[in-house]
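Have the structure turning on your screen as you read.

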Amino acid sequence: METILFSLAEGIARITLNRPEKLNAFNTAMHADLRGALEQTRRGAARVLILTGAGRAFSSGQDLADRTVVAGGAPLDLGATIDATYNPLIRGLRELPCPVIAAVNGAAAGAAANVALACDLVIAAKSASFIQAFGKIGLLPDSGGTWILPRLVGSARALGLALTGERLSAEQAAAWGMIWRCVEDTELAPTVDELARQLAAAPTLAIARTKEAMYGSWQRTLSEQLDVERDLQRELGASADFREGVAAFLEKRAPRFMGR
Ligand code: LHQ
(Lines give C-alpha, C1' and ligand atoms only; values in the text may rest on other atoms or scores of the structure.)
Protein backbone atom coordinates (compact mmCIF):
# COMPACT_ATOMS: atom_id res chain seq x y z
CA MET A 1 0.00 0.00 0.00
CA GLU A 2 1.18 3.42 -0.98
CA THR A 3 0.02 5.64 1.88
CA ILE A 4 -0.05 3.35 4.92
CA LEU A 5 1.99 0.53 6.40
CA PHE A 6 0.05 -2.57 7.41
CA SER A 7 1.06 -5.67 9.30
CA LEU A 8 -0.78 -8.50 11.03
CA ALA A 9 1.17 -10.91 13.22
CA GLU A 10 0.33 -12.89 16.36
CA GLY A 11 -3.20 -11.47 16.36
CA ILE A 12 -1.98 -7.86 16.36
CA ALA A 13 -2.83 -5.74 13.31
CA ARG A 14 -1.04 -2.42 12.91
CA ILE A 15 -1.86 0.45 10.56
CA THR A 16 0.66 3.29 10.30
CA LEU A 17 -0.50 6.36 8.40
CA ASN A 18 2.53 6.95 6.22
CA ARG A 19 2.69 10.32 4.45
CA PRO A 20 5.02 11.99 6.95
CA GLU A 21 5.96 14.81 4.56
CA LYS A 22 2.26 15.86 4.64
CA LEU A 23 1.91 15.10 8.33
CA ASN A 24 -0.03 11.97 7.26
CA ALA A 25 -2.90 13.98 5.78
CA PHE A 26 -5.74 11.82 4.45
CA ASN A 27 -6.15 11.78 0.68
CA THR A 28 -8.21 9.58 -1.64
CA ALA A 29 -5.46 6.95 -1.90
CA MET A 30 -5.08 6.75 1.88
CA HIS A 31 -8.80 6.16 2.31
CA ALA A 32 -8.65 3.33 -0.25
CA ASP A 33 -5.63 1.82 1.54
CA LEU A 34 -7.40 2.10 4.90
CA ARG A 35 -10.46 0.30 3.52
CA GLY A 36 -8.17 -2.54 2.38
CA ALA A 37 -6.38 -2.69 5.72
CA LEU A 38 -9.62 -2.80 7.72
CA GLU A 39 -10.85 -5.60 5.46
CA GLN A 40 -7.63 -7.57 6.06
CA THR A 41 -7.94 -6.91 9.79
CA ARG A 42 -11.46 -8.37 9.74
CA ARG A 43 -10.63 -11.31 7.46
CA GLY A 44 -7.41 -12.11 9.34
CA ALA A 45 -9.39 -12.31 12.60
CA ALA A 46 -7.03 -9.85 14.29
CA ARG A 47 -7.44 -9.78 18.07
CA VAL A 48 -6.41 -6.12 18.32
CA LEU A 49 -5.73 -3.25 15.91
CA ILE A 50 -3.27 -0.40 16.49
CA LEU A 51 -3.62 2.84 14.51
CA THR A 52 -0.71 5.28 14.54
CA GLY A 53 1.20 7.77 12.39
CA ALA A 54 4.71 7.87 10.92
CA GLY A 55 7.00 10.78 11.74
CA ARG A 56 6.13 13.72 13.95
CA ALA A 57 2.33 13.81 13.54
CA PHE A 58 -0.52 11.35 13.97
CA SER A 59 -2.31 13.06 11.07
CA SER A 60 -3.21 16.59 10.00
CA GLY A 61 -6.69 15.49 8.84
CA GLN A 62 -7.97 15.95 5.34
CA ASP A 63 -5.25 16.76 2.79
CA LEU A 64 -6.34 20.26 1.89
CA ALA A 65 -4.43 20.04 -1.40
CA ASP A 66 -6.28 16.88 -2.51
CA ARG A 67 -8.49 17.18 -5.57
CA THR A 68 -11.58 16.33 -3.50
CA VAL A 69 -11.10 19.55 -1.55
CA VAL A 70 -9.54 22.14 -3.84
CA ALA A 71 -12.20 23.86 -5.89
CA GLY A 72 -11.35 23.52 -9.55
CA GLY A 73 -14.17 25.80 -10.70
CA ALA A 74 -17.14 23.52 -10.13
CA PRO A 75 -18.75 23.55 -6.69
CA LEU A 76 -17.54 20.72 -4.46
CA ASP A 77 -19.79 18.18 -2.80
CA LEU A 78 -18.04 17.51 0.50
CA GLY A 79 -21.05 15.39 1.50
CA ALA A 80 -20.18 12.95 -1.27
CA THR A 81 -16.52 12.91 -0.15
CA ILE A 82 -17.56 12.18 3.43
CA ASP A 83 -20.01 9.48 2.31
CA ALA A 84 -17.27 7.76 0.34
CA THR A 85 -14.41 8.14 2.83
CA TYR A 86 -14.65 9.31 6.46
CA ASN A 87 -18.07 7.87 7.28
CA PRO A 88 -17.20 4.32 6.19
CA LEU A 89 -13.86 4.67 8.01
CA ILE A 90 -15.49 5.66 11.32
CA ARG A 91 -18.17 2.98 10.96
CA GLY A 92 -15.52 0.42 10.01
CA LEU A 93 -13.42 1.20 13.10
CA ARG A 94 -16.43 1.16 15.43
CA GLU A 95 -17.84 -2.04 13.96
CA LEU A 96 -14.63 -4.08 14.28
CA PRO A 97 -15.22 -6.73 16.95
CA CYS A 98 -11.63 -6.43 18.20
CA PRO A 99 -10.36 -3.50 20.29
CA VAL A 100 -8.77 -0.64 18.38
CA ILE A 101 -5.96 1.35 20.01
CA ALA A 102 -5.07 4.80 18.68
CA ALA A 103 -1.41 5.46 19.43
CA VAL A 104 -1.36 9.22 18.98
CA ASN A 105 2.28 10.06 18.38
CA GLY A 106 1.90 13.76 17.53
CA ALA A 107 -0.69 16.29 16.35
CA ALA A 108 -4.11 14.90 15.44
CA ALA A 109 -5.96 17.66 13.59
CA GLY A 110 -9.39 17.94 11.95
CA ALA A 111 -10.84 14.61 10.87
CA ALA A 112 -7.77 12.83 12.26
CA ALA A 113 -8.57 13.96 15.81
CA ASN A 114 -12.00 12.38 15.49
CA VAL A 115 -10.68 9.23 13.79
CA ALA A 116 -8.40 8.80 16.83
CA LEU A 117 -11.26 9.47 19.25
CA ALA A 118 -13.43 6.91 17.45
CA CYS A 119 -10.92 4.23 18.50
CA ASP A 120 -11.70 2.24 21.63
CA LEU A 121 -8.57 3.15 23.58
CA VAL A 122 -6.58 6.29 22.89
CA ILE A 123 -3.03 6.55 24.21
CA ALA A 124 -1.14 9.71 23.38
CA ALA A 125 2.45 10.82 23.73
CA LYS A 126 2.96 13.84 25.98
CA SER A 127 3.95 16.00 22.99
CA ALA A 128 0.80 15.03 21.04
CA SER A 129 -2.26 17.25 20.72
CA PHE A 130 -5.83 17.24 19.47
CA ILE A 131 -7.08 20.08 17.26
CA GLN A 132 -10.66 20.50 16.04
CA ALA A 133 -9.32 22.55 13.14
CA PHE A 134 -12.54 22.56 11.11
CA GLY A 135 -13.88 25.96 12.19
CA LYS A 136 -10.75 27.72 10.95
CA ILE A 137 -11.57 26.68 7.37
CA GLY A 138 -15.32 27.18 7.56
CA LEU A 139 -16.39 23.61 8.35
CA LEU A 140 -17.93 21.79 11.30
CA PRO A 141 -16.38 18.79 13.09
CA ASP A 142 -17.02 15.67 11.03
CA SER A 143 -15.92 12.04 11.31
CA GLY A 144 -18.23 11.69 14.29
CA GLY A 145 -16.82 14.71 16.16
CA THR A 146 -20.18 16.27 17.01
CA TRP A 147 -21.31 12.92 18.43
CA ILE A 148 -18.19 11.57 20.07
CA LEU A 149 -16.77 14.77 21.60
CA PRO A 150 -19.78 15.77 23.75
CA ARG A 151 -20.07 12.17 24.95
CA LEU A 152 -16.42 12.10 25.98
CA VAL A 153 -16.04 15.55 27.53
CA GLY A 154 -19.54 17.11 27.78
CA SER A 155 -21.05 19.87 25.63
CA ALA A 156 -19.21 22.78 27.26
CA ARG A 157 -15.76 21.41 26.43
CA ALA A 158 -16.87 19.92 23.11
CA LEU A 159 -18.20 23.28 21.96
CA GLY A 160 -15.15 25.10 23.32
CA LEU A 161 -12.87 22.85 21.28
CA ALA A 162 -15.03 23.00 18.15
CA LEU A 163 -15.65 26.75 18.18
CA THR A 164 -12.13 27.91 19.03
CA GLY A 165 -10.08 25.25 17.23
CA GLU A 166 -7.68 25.47 20.19
CA ARG A 167 -4.91 22.90 20.40
CA LEU A 168 -5.62 20.54 23.33
CA SER A 169 -2.52 18.94 24.80
CA ALA A 170 -2.47 15.20 25.37
CA GLU A 171 -2.04 15.79 29.10
CA GLN A 172 -5.15 17.98 29.23
CA ALA A 173 -7.06 15.47 27.09
CA ALA A 174 -6.20 12.74 29.60
CA ALA A 175 -7.10 15.01 32.54
CA TRP A 176 -10.51 15.63 30.90
CA GLY A 177 -11.11 11.92 30.36
CA MET A 178 -11.13 12.39 26.60
CA ILE A 179 -8.45 9.73 26.15
CA TRP A 180 -7.37 6.67 28.10
CA ARG A 181 -3.80 7.68 28.88
CA CYS A 182 -1.01 10.16 28.18
CA VAL A 183 2.54 8.83 28.46
CA GLU A 184 6.08 10.15 27.99
CA ASP A 185 7.01 10.22 24.28
CA THR A 186 9.58 7.45 24.72
CA GLU A 187 6.99 5.30 26.52
CA LEU A 188 4.33 5.43 23.77
CA ALA A 189 5.53 2.49 21.67
CA PRO A 190 6.31 0.13 24.60
CA THR A 191 3.06 1.03 26.40
CA VAL A 192 0.97 0.42 23.28
CA ASP A 193 2.79 -2.82 22.43
CA GLU A 194 2.29 -4.15 25.96
CA LEU A 195 -1.42 -3.24 25.92
CA ALA A 196 -1.84 -4.83 22.47
CA ARG A 197 -0.23 -8.07 23.68
CA GLN A 198 -2.49 -8.06 26.74
CA LEU A 199 -5.61 -7.51 24.62
CA ALA A 200 -4.55 -10.10 22.04
CA ALA A 201 -4.51 -12.71 24.82
CA ALA A 202 -7.90 -11.60 26.21
CA PRO A 203 -11.27 -13.32 25.59
CA THR A 204 -12.22 -11.84 22.23
CA LEU A 205 -15.92 -12.67 22.35
CA ALA A 206 -16.32 -10.87 25.70
CA ILE A 207 -14.46 -7.87 24.29
CA ALA A 208 -16.69 -7.73 21.21
CA ARG A 209 -19.83 -7.91 23.35
CA THR A 210 -18.47 -5.26 25.76
CA LYS A 211 -17.93 -2.86 22.86
CA GLU A 212 -21.37 -3.64 21.48
CA ALA A 213 -23.06 -3.06 24.85
CA MET A 214 -21.16 0.15 25.68
CA TYR A 215 -21.59 1.82 22.30
CA GLY A 216 -25.22 0.72 21.99
CA SER A 217 -26.06 2.07 25.46
CA TRP A 218 -26.39 5.69 24.33
CA GLN A 219 -29.63 4.90 22.54
CA ARG A 220 -31.19 3.01 25.47
CA THR A 221 -32.69 3.56 28.90
CA LEU A 222 -31.06 1.92 31.95
CA SER A 223 -33.87 -0.60 32.07
CA GLU A 224 -33.37 -1.54 28.40
CA GLN A 225 -29.62 -1.76 28.93
CA LEU A 226 -30.07 -4.13 31.88
CA ASP A 227 -31.92 -6.47 29.52
CA VAL A 228 -29.13 -6.19 26.93
CA GLU A 229 -26.54 -7.05 29.59
CA ARG A 230 -28.62 -10.05 30.66
CA ASP A 231 -28.84 -11.37 27.11
CA LEU A 232 -25.16 -10.86 26.31
CA GLN A 233 -24.07 -12.31 29.66
CA ARG A 234 -26.24 -15.35 28.96
CA GLU A 235 -24.34 -15.84 25.69
CA LEU A 236 -20.92 -15.29 27.31
CA GLY A 237 -21.81 -17.51 30.26
CA ALA A 238 -22.23 -20.40 27.83
CA SER A 239 -18.86 -19.76 26.15
CA ALA A 240 -15.76 -21.93 26.36
CA ASP A 241 -13.79 -18.78 27.24
CA PHE A 242 -15.84 -18.22 30.40
CA ARG A 243 -15.26 -21.82 31.50
CA GLU A 244 -11.55 -21.45 30.74
CA GLY A 245 -11.33 -18.11 32.60
CA VAL A 246 -12.88 -19.52 35.75
CA ALA A 247 -10.87 -22.76 35.57
CA ALA A 248 -7.61 -20.83 35.09
CA PHE A 249 -8.43 -18.60 38.06
CA LEU A 250 -9.18 -21.55 40.34
CA GLU A 251 -6.11 -23.46 39.13
CA LYS A 252 -3.92 -20.34 39.53
CA ARG A 253 -2.62 -20.48 35.94
CA ALA A 254 -2.76 -18.19 32.87
CA PRO A 255 -5.92 -18.69 30.79
CA ARG A 256 -5.88 -19.69 27.11
CA PHE A 257 -8.83 -18.00 25.44
CA MET A 258 -10.13 -19.33 22.12
CA GLY A 259 -12.69 -16.64 21.26
CA ARG A 260 -15.76 -18.88 21.52
C1 LHQ B 1 -0.83 19.83 5.09
C2 LHQ B 1 -1.89 19.64 5.97
C3 LHQ B 1 -3.16 19.29 5.45
C4 LHQ B 1 -2.19 19.39 3.33
C5 LHQ B 1 -0.17 20.14 7.11
N6 LHQ B 1 -3.25 19.18 4.11
N7 LHQ B 1 -0.98 19.71 3.78
C8 LHQ B 1 -12.29 18.33 5.25
C9 LHQ B 1 -12.63 18.52 3.87
C10 LHQ B 1 -13.29 17.57 3.12
C11 LHQ B 1 -13.98 16.56 3.51
C12 LHQ B 1 -14.19 16.12 4.77
O13 LHQ B 1 -13.56 16.48 5.91
C14 LHQ B 1 -12.66 17.40 6.11
C15 LHQ B 1 -12.15 17.28 7.45
C16 LHQ B 1 -10.86 17.89 7.89
O17 LHQ B 1 -9.99 17.20 8.28
S18 LHQ B 1 -10.77 19.59 7.85
C19 LHQ B 1 -9.28 19.93 8.68
C20 LHQ B 1 -8.06 19.74 7.81
N21 LHQ B 1 -6.88 19.93 8.59
C22 LHQ B 1 -6.46 21.13 8.98
O23 LHQ B 1 -7.05 22.16 8.76
C24 LHQ B 1 -5.13 21.13 9.70
C25 LHQ B 1 -4.09 21.83 8.88
N26 LHQ B 1 -2.79 21.71 9.49
C27 LHQ B 1 -2.41 22.37 10.58
O28 LHQ B 1 -3.13 23.09 11.21
C29 LHQ B 1 -0.98 22.18 10.98
O30 LHQ B 1 -0.25 21.69 9.89
C31 LHQ B 1 -0.77 21.24 12.19
C32 LHQ B 1 -1.36 21.89 13.46
C33 LHQ B 1 -1.43 19.86 11.97
C34 LHQ B 1 0.74 21.01 12.41
O35 LHQ B 1 1.38 22.26 12.45
P36 LHQ B 1 2.97 22.37 12.26
O37 LHQ B 1 3.61 21.38 13.14
O38 LHQ B 1 3.32 23.80 12.46
O39 LHQ B 1 3.27 21.93 10.75
P40 LHQ B 1 3.05 22.76 9.39
O41 LHQ B 1 1.77 23.51 9.46
O42 LHQ B 1 4.27 23.53 9.09
O43 LHQ B 1 2.85 21.58 8.30
C44 LHQ B 1 3.95 20.87 7.74
C45 LHQ B 1 3.67 20.62 6.28
O46 LHQ B 1 2.49 19.79 6.15
C47 LHQ B 1 3.35 21.91 5.54
O48 LHQ B 1 3.82 21.76 4.22
P49 LHQ B 1 5.21 22.47 3.73
O50 LHQ B 1 5.29 22.13 2.29
O51 LHQ B 1 5.05 23.93 4.03
O52 LHQ B 1 6.27 21.83 4.58
C53 LHQ B 1 1.86 21.93 5.52
O54 LHQ B 1 1.32 22.68 4.48
C55 LHQ B 1 1.54 20.45 5.34
N56 LHQ B 1 0.22 20.15 5.84
N57 LHQ B 1 -1.44 19.84 7.21
N58 LHQ B 1 -4.20 19.06 6.22
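Helices (H or I, at least four residues) and strands (E, at least two) are DSSP runs here, numbered from the N terminus. What you are looking at is a predicted model, in which local features need pLDDT of at least 70 and side-chain atom pairs count only at pLDDT 80 or more, while totals for chains, interfaces and linings use all residues. Residues are numbered from 1 along each chain as its sequence is written, and side-chain values use heavy atoms, with hydrogens and water left out.

On a 1 Å grid over the protein atoms alone, a cavity is a set of points where a 1.4 Å probe fits but cannot get out, and a pocket is an open set with protein on both sides within 12 Å along at least five of seven lines; a lining residue has an atom within 4 Å of a point. Points are joined across faces, edges and corners, and a volume is the space filled by probe spheres set on them. By this rule there is one cavity of 30 Å³ or more, and the largest cavity has a volume of about 40 Å³. Strand 2 (12-17), helix 1 (28-43) and helix 3 (86-95) each supply at least two residues of its lining. The residues around this cavity are Ile15, Leu17, Phe26, Leu34, Leu38, Leu51, Leu89, Leu93 and Val115.

The axes of helix 1 and helix 3 (lines fitted to C-alpha atoms over the stretch in contact, with angles from 0 to 180 degrees between N-to-C directions) come within 10 Å and cross at roughly 20°. Helix 1 is therefore roughly parallel to helix 3, a label for angles under 35 degrees.

Now turn to the open spaces. The largest pocket has a volume of about 620 Å³. Of its 23 lining residues, Cys119, Asp120, Leu121, Met214 and Tyr215 are the closest to the centre. Strand 7 (121-125), helix 5 (145-153) and helix 9 (204-216) are the elements that give two or more residues to this lining, and helix 9 provides the largest share, six residues.

The second largest pocket holds about 350 Å³ of space. Its lining has 19 residues, with Gln62, Leu64, Phe134, Ile137 and Leu139 nearest the centre. Here helix 2 (residues 78-84) gives the most, three residues.

Terms used: Parallel < 35°, antiparallel > 145°, perpendicular 65-115°, else oblique.
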